[in-house]
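Subject: A structure for you, with notes on what was found

Dear colleague,

Please find the structure below, and keep it open beside this message while you read the notes that follow.

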Amino acid sequence: MDCYGLRPVDSSDFIDIDGYVVDRQIIKSLNKLKASLAKAGFALRIESAYRPFERQLSIWNRKAGGELKLLNAEGLPMERPQDEEQLMYAILTWSALPGASRHHLGTDIDVVDGNACPEGYEVELTPAECDGMFRPFHEKLSELIGVAESFGFDRVFVPGRGKIQPEKWHIAHLPTSRKYLENFSLSELRALYEKIDIACKSALLDNLESLARDYIYPYFV
């Protein structure tokens, strides 16, 4: 599967850190970012990192099938649309297209402040958390990004860019991710969808070009 620079989890490019898999090339920068945030009293904690195609496909299909909840643009549970195309767009509110998720790259991570998490709390990665318990952490992260002291990490899903909802928790090591983005092929993604069991297949194939314009290419930064 070459459509997005996809590599298996056992690739020598990857390394396990805190129970999550990331590209080896981001480790030094990540450790520097952690140290900088630690000086300000925050503990950068990874909640998600590399995600293989099969896992993203599973997330997509389980959301389509009702096994995982769908959230609206405000991060609140919503009813599952019966129309296939409407369901596809509902899933896309917070979930990337399988085969076109930046989490496939190994350069992108979802982060929170471990120091702010109550014991036993299960992180959901929602706007409410970013504006609540993790607000000071994200404000500090924004400050570091704003003065180019985030060691190559930046937010990708931001207001005004594409149609994916903003995700303050998702940061990417851009110098590394750009190299993998060059491998993307929409035609190969289409060929992949044609031969796998993926929910909303007809809607995906009928709208793939416009989906790429709104949900994939804007995030090639």
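In which segment does tyrosine 219 lie? Tyrosine 219 lies in the segment after α9 (208–216), where helices (H or I, at least four residues) and strands (E, at least two) are DSSP runs numbered from the N terminus.

Before going further, please note that this is a predicted model, in which local features need pLDDT of at least 70 and side-chain atom pairs count only at pLDDT 80 or more, while totals for chains, interfaces and linings use all residues. Residues are numbered from 1 along each chain as its sequence is written, and side-chain values use heavy atoms, with hydrogens and water left out.

Tyrosine 219 is buried, with a relative accessible area of 2%; buried means under 20% relative accessible area, exposed over 50%, and partly exposed in between, using a 1.4 Å probe and protein chains only. Leaving aside neighbours within four places in sequence, tyrosine 219 is in contact (heavy atoms within 4.5 Å) with several residues, among them Arg102, Val156, Phe157 and Leu181.

Rolling a probe the size of a water molecule over the atoms shows where empty space is left. On a 1 Å grid over the protein atoms alone, a cavity is a set of points where a 1.4 Å probe fits but cannot get out, a pocket is an open set with protein on both sides within 12 Å along at least five of seven lines, and lining residues have an atom within 4 Å of a point. Grid points are joined across faces, edges and corners, and a volume is the space filled by probe spheres set on the points.

The structure holds 1 cavity of 30 Å³ or more, and about 50 Å³ of space lies in the largest cavity. The lining divides into 9 nonpolar, no polar and 1 charged, where Ala, Val, Leu, Ile, Met, Phe, Trp, Tyr, Cys and Pro count as nonpolar, Asp, Glu, Lys and Arg as charged, and the others, Gly among them, as polar.

The largest pocket has about 1000 Å³ of space, and of the 31 residues lining it, the closest to its centre are Arg51, Ile59, Lys63, Glu124 and Leu125. The largest share of that lining, 5 residues, comes from α2, and by class the lining has 12 nonpolar, 8 polar and 11 charged residues. In the second largest pocket there is about 170 Å³ of space, and its lining includes Phe157 and Trp169.

Turning to the helices, α5 (residues 135–146) has buried residues Phe137, His138, Lys140, Leu141, Leu144 and Ile145. Seen down the axis of α5, these fall within an arc of 160°, so they line one face of the helix; the arc is that of the directions from the helix axis to the C-beta atoms. Alanine 148, which follows α5, has a positive phi, near 55°.

In helix α6 (residues 174–181), the buried residues are Leu174, Thr176, Ser177, Tyr180 and Leu181. They cover an arc of only 155° around the axis, which puts them on the same side of α6, and they pack against β2 (20–23), β6, β7 and β8.

With best wishes
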